[in-house]
Each structure stands twice: as C-alpha cells, then as structure tokens.
Amino acid sequence: MNEDELRSEAKMVDLLNQFEHILESDPHIDEVGFVHPSQFFKLNEEAGHSLPSSDSTADENSVFWNEDHKLGISTQVLLPLYKASKDAFMTANRQFKELNSTSDVSGAENSLCTSLSLDDSIESAIMKHSRALLLLSCDFGTAWHSRKIVVLEKHKLSSLLDELLLSALVLSYSPKSEYAWSHRKWVIKSISEKCSTLPEIVTKESELVEKIAEKSKMNYRAWNHRCWLVSYMTREQLLHELKRSRNWANLHVADHSCFHYRSLMLKILEDRCYEQEISSSGYSVEIYLLWKDELDWDEMLIKRYIGREALWLHRRFLSLFWIKHFLTDHTGLSGHGKQKTSMNNDFSVFMDNELHLLHSCSIIPDNSFDDYQAQAMHSATYMLWLIKQIPDSCRIELQEKLKTENLKALLNKVCPERSSTWDCLMGYVEASDH
C-alpha cells in the first residue's frame with residue numbers, strides 16, 4: 001500500500017473505533033438514524049451544544065451525534081465505516097472458524113484448541129464488530145448467523161436479552177428488516193426454553209410492534225411477528241391485548257393487518273376454550289359476549305368511518321363465526337337457560353340488525369363523495385356474501401326481507417363499470433336458492 005492508502009485505512013479504522021466506543025459507552029441507545037452533515041449543526045444547537053469555529057475540528061465532531069440515547073451517523077462516512085466494520089467482522093469470523101475447525105480435527109487430544117475455540121477475545125470481537133456492521137447493513141446474514149453461534153456458546157439469558165436490544169435498534173432505522181424480525185423470533189423461542197419470564201417479554205414485544213407499526217405504515221413483517229406472538233400469550237394476556245389493541249385500531253381503521261390480528265386472538269381464545277373441554281361452563285358465555293361486543297364495536301366504526309374496506313372484511317369474519325357457532329349450535333350452553341333462550345332468538349335479531357346496517361349504509365347523500373359510494377358497495381357485497389353463509393332453512397326468511405334485485409340496482413348505481421361482476425354474483429346467489 002502507498003502512503004495515501006495507509007492513511008485512508010487508518011482513518012477508516014479510527015472511525016470504526018469511535019463508532020464502537022459510542023455503542024459500548026451508551027448501552028441504552030434505542031434509535032439510530034443517518035444524518036446529512038449539514039444537519040449536525042442544527043442538532044447540536046437544539047441540544048444546547050456548540051461546535052468549534054475551526055472547520056477541520058467541526059468536521060471531526062460532526063461524524064456522530066449521541067444525545068438522550070439517540071445516535072446519529074453522518075451519511076458522509078457510511079461507506080468507509082461500512083468497509084471498516086465489514087473487514088473487522090470478516091477477520092474475526094474467519095479466526096473463529098479456523099479455531100473451531102482445528103478443534104474438530106484434533107478432537108479430545110488437544111484441549112488447548114478446544115479452549116481456544118471458546119476464546120472470549122475472539123467471541124467479543126465477533127459480537128462487537130457484527131453489531132457495528134448490522135447497524136450499517138441490516139441484511140448482512142452472516143453477521144446475524146455468527147451472533148447466534150456465539151450466543152448459543154454462552155448459554156446465558158443476558159446474552160439473549162442483548163440480542164433483543166440489538167435487533168430493536170436495527171428496526172429503529174429499518175423497520176421492515178426480515179433478518180431482524182427473524183432474529184427476534186429465534187431469540188424468543190430460545191428464551192421460552194430457558195426461563196419463566198416469557199409473559200413479560202411477550203408483552204413488551206407486542207408493545208414494540210405497535211410502536212413500530214405506528215411509524216412504519218402497512219408493515220407486514222411487524223404485524224406477522226405480532227400474530228406469531230399470540231401463540232405464546234396466556235389467556236389473560238389475550239384478553240388484555242384485545243382490549244388494549246382496540247385503542248390503536250380506532251385510529252387506524254384502514255389497516256387490514258390490525259383487524260386480522262384481532263381476528264386471530266378471538267379465534268385462539270375460542271379454540272383454547274374447547275381444547276380445555278370447558279365449553280359448557282361460563283367460558284362459552286364469555287366468548288359469546290366477546291364476539292357480540294366485537295360485532296357492535298365494528299358496526300360503530302363502520303358508521304363512523306365511511307367506506308373503509310378493512311372494517312367490512314373484519315365483519316365477515318365475525319359474522320361467519322357468529323353464524324356457525326352461536327346461531328346454529330347451542331349445545332355448549334346447557335345449564336344457562338336464559339343465555340340459551342337468548343341465543344335461540346339471536347338469528348332473527350342478528351339478521352334484522354344486518355339488514356338495518358345495509359339500509360343505513362346504502363344511502364348516498366353526496367355523489368361527489370367517493371367514500372359514500374364505497375360504503376354502499378361494501379355493504380351490498382357483504383350482504384350477498386352473508387346470504388351464502390346462512391343455513392338453507394333460514395335463507396327463505398331472509399329473501400322475503402331482502403330483494404336481491406335491489407342489491408343489484410344499488411351495485412350498478414355505485415359501480416357501473418363492474419356490472420358484469422355483479423351479474424355473475426347475483427346469478428351465483430340465485431342459483432343457490434334452487
């Protein structure tokens with residue numbers, strides 16, 4: 001290497017050392033961001049700091065910004081910092097593999113190699129450099145994998161909890177990172193096999209997902225992770241989560257993922273009741289009341305937030321379960337005479353309510369407001385879907401109250417460009433009546 005290359009490499013190593021020193025000196029950093037050099041003066045000014053007047057000194061002090069457990073990294077140094085962290089990690093990872101391969105060849109004959117394979121200095125180097133690398137490039141799969149190997153060697157709960165902190169830090173700047181979410185699943189699975197503090201961790205994990213979902217709209221990976229967490233929740237946690245997540249759903253009525261999450265929790269609660277063979281007890285009534293409350297809440301949202309498809313799709317799930325479990329089968333309510341009588345009368349009450357909802361949502365007071373037309377279309381297609389779900393013995397009663405030709409006219413009015421689709425749907429419904 002010539003002198004310039006050596007100077008450049010030394011500067012890169014110095015940057016990496018600064019970066020890793022900051023990470024070690026402030027273990028509570030909870031957010032990372034990449035900042036344009038021109039913004040550092042403003043950040044320091046807002047924090048009450050002042051930069052030196054010398055341009056060269058100012059440049060050196062404007063590479064990293066660390067305040068209130070938030071870390072800013074200058075975009076100007078991302079490439080050299082990435083190269084330095086990658087080189088340092090790959091070197092440490094290669095040394096770790098060489099020691100392990102030597103141990104595999106020697107077997108029990110050479111205890112020194114076995115001890116070297118677990119050498120703390122090399123493991124620490126892997127963990128330190130991989131952390132820096134992943135905060136710059138979250139999809140570096142080899143770094144994630146190496147961390148798993150080292151954590152498994154340590155057999156410590158604290159190491160697993162540190163992995164949750166790191167992956168949360170990665171998600172602060174890359175909320176849709178598949179590697180980070182996958183790593184969190186691995187950590188939680190490992191924790192579930194080692195300790196009894198899982199309920200507390202699951203609760204914090206759900207709160208983290210909600211926080212990330214608030215900042216990163218339509219984040220499928222985050223919601224998929226939250227749905228995966230449901231299998232680790234206790235019954236009490238599920239009930240609490242249902243109640244707590246309602247507040248978030250009230251403010252995000254267009255987010256399908258949120259309502260899918262609620263549907264999953266309701267179904268898991270119902271399944272657990274029947275698995276424990278307690279469906280004949282008060283639990284069955286509790287599930288009934290939960291579902292009825294969810295239906296009433298969904299109807300309130302539909303009337304308040306016009307034309308939101310997610311609310312109508314959630315209602316389909318609720319209505320289908322209601323029909324299959326509470327309107328056609330009441331065997332699980334023996335010993336609860338009043339509740340059983342109430343449920344036996346629920347079909348006509350349920351259908352009258354749905355018809356009333358259809359009529360109230362079919363009114364289009366303003367043709368220039370597309371949401372009213374969307375509301376009318378969603379309500380009509382929901383009713384066509386509902387006709388197909390109810391028992392044959394009850395369908396005639398519904399047909400007397402609801403004229404399908406009125407639905408067809410409504411659909412053609414609000415969405416004439418899809419008239420062929422409506423004709424097909426109407427023909428399908430009419431064919432099933434014969």
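This is a predicted model: local features need pLDDT of at least 70, side-chain atom pairs count only at pLDDT 80 or more; totals for chains, interfaces and linings use all residues.
Stop 1: Now select Phe-34 and look across to S3, where its bridge partner is Ile-73. Colour in the two strands: S1 and S3 (residues 70-74) run in the parallel sense and share five bridges.

**Stop 2: the hairpin.** Click on Trp-65 and you'll find Gly-72 of S3 standing opposite. Then go to the turn: the hairpin of S2 and S3 has two residues between the strands, and Asp-68 takes a positive phi near 50 degrees there.

**Stop 3: the whole sheet.** Show the three strands together. They make an open sheet in the order S1-S3-S2, with mixed pairing. Which strands stand at the edges? Those are S1 (31-35) and S2 (64-67); each has a single partner strand, so one side of each has no neighbour in the sheet. On average, neighbouring strands here are turned by 20 degrees against each other, if you ignore direction.

Now bring in helix H1, residues 3-25. H1 packs on the sheet and touches S2 and S3, and its direction makes about 10 degrees with that of S2. Is S3 mostly covered or mostly open? Mostly covered, with four of its five residues buried.

Stop 4: Go back to Ile-73 and show what surrounds it. Leaving out neighbours within four places in sequence, its contacts include Phe-19, Val-32, Phe-40, Val-63, Leu-78 and Leu-136. Zoom out to the largest nonpolar core, which has 113 residues: Phe-19, Ile-73 and Val-170 touch the most other members. Which helix gives the most to this core? Select residues 370-389: that's helix H18, with nine residues in the core.

**Stop 5: two helices side by side.** Finish with H8 (residues 157-173) and H10 (residues 198-215). Their axes come within 12 Å and cross at roughly 10 degrees. Angles under 35 degrees count as roughly parallel, and H8 and H10 are therefore roughly parallel to each other. To see where they meet, show Leu-161, Leu-164, Ala-168 and Leu-171 in H8, then Ile-201, Glu-205, Leu-208 and Ile-212 in H10. Sorted by class, this contact has seven nonpolar residues, one charged residue and no polar ones.

Key: Residues are numbered from 1 along each chain as its sequence is written. Side-chain values use heavy atoms; hydrogens and water are left out. Axes are lines fitted to C-alpha atoms, for helices over the stretch in contact, and angles run from 0 to 180 degrees between N-to-C directions. Angles under 35 degrees count as roughly parallel, over 145 as roughly antiparallel, 65 to 115 as roughly perpendicular and the rest as oblique. Contact means heavy atoms within 4.5 Å. Ala, Val, Leu, Ile, Met, Phe, Trp, Tyr, Cys and Pro count as nonpolar, Asp, Glu, Lys and Arg as charged, and the others, Gly among them, as polar. A nonpolar core is a set of buried Ala, Val, Leu, Ile, Met, Phe, Trp, Tyr and Cys residues joined through side-chain atoms within 4.5 Å. Buried means under 20% relative accessible area, exposed over 50%, partly exposed in between (1.4 Å probe, protein chains only). Two strands pair if DSSP finds at least two bridges between them.
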